[in-house]
Amino acid sequence: MTNDQKEIIDIDEAKIMAALSYLGVLVFVPLLVLMRKEDPFVRWHVKQGLVLLAGIVIALLAAAWIPVVGNILFLLLLIVNIIALVQTLLGKRWVIPVIGQLAEKFRI
């Protein structure tokens with residue numbers, strides 16, 4: 001295997017690990033793997049995925065008390081989650097408004 005082939009595999013692996021950040025509780029898979037491997041691309045998406053997951057949980061809890069507001073918030077976060085997943089698979093570092101700013105404050 002040449003160095004170029006190994007680099008392509010590493011890039012694809014990073015994209016997959018970062019994409020897991022936007023698949024609900026699977027965000028913990030790259031979080032645990034990060035302890036062994038330093039990758040700023042994956043680290044960024046894990047932090048953003050954690051904040052997004054927390055927002056989704058809050059939206060679901062809000063839906064129990066105020067259904068209209070909670071459901072609208074959940075739908076909005078679900079759409080943002082799908083966009084972030086696609087951007088990650090394209091290899092881009094998309095900063096989600098508000099969520100990205102909160103994610104920058106985390107140290108992982």
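Let me start with helix α3 (residues 40–65) and helix α4 (residues 67–89), whose axes come within 7 Å and cross at roughly 160 degrees. Axes here are lines fitted to C-alpha atoms over the stretch in contact, with angles from 0 to 180 degrees between N-to-C directions. Helices are DSSP runs (H or I, at least four residues), numbered from the N terminus. This is a predicted model, where local features need pLDDT of at least 70, side-chain atom pairs count only at pLDDT 80 or more, and totals for chains, interfaces and linings use all residues. Residues are numbered from 1 along each chain, and side-chain values use heavy atoms, without hydrogens and water.

α3 and α4 are therefore roughly antiparallel, a label for angles over 145 degrees. Their contact (heavy atoms within 4.5 Å) includes Phe 41, Leu 52 and Ile 56 of α3, and Phe 74, Leu 77 and Asn 81 of α4.

Now the cavities, meaning sets of points on a 1 Å grid where a 1.4 Å probe fits but cannot get out. There are two of 30 Å³ or more. Which residues line the second largest cavity? Among them are Ser 21, Tyr 22, Leu 52, Ile 56 and Asn 81, lining residues having an atom within 4 Å of a point. α3 gives the most to this lining, with four residues.

Methods: Helices (H or I, at least four residues) and strands (E, at least two) are DSSP runs, numbered from the N terminus. Angles under 35 degrees count as roughly parallel, over 145 as roughly antiparallel, 65 to 115 as roughly perpendicular and the rest as oblique. On a 1 Å grid over the protein atoms alone, a cavity is a set of points where a 1.4 Å probe fits but cannot get out, and a pocket is an open set with protein on both sides within 12 Å along at least five of seven lines; lining residues have an atom within 4 Å of a point. Grid points are joined across faces, edges and corners, and a volume is the space filled by probe spheres set on the points.
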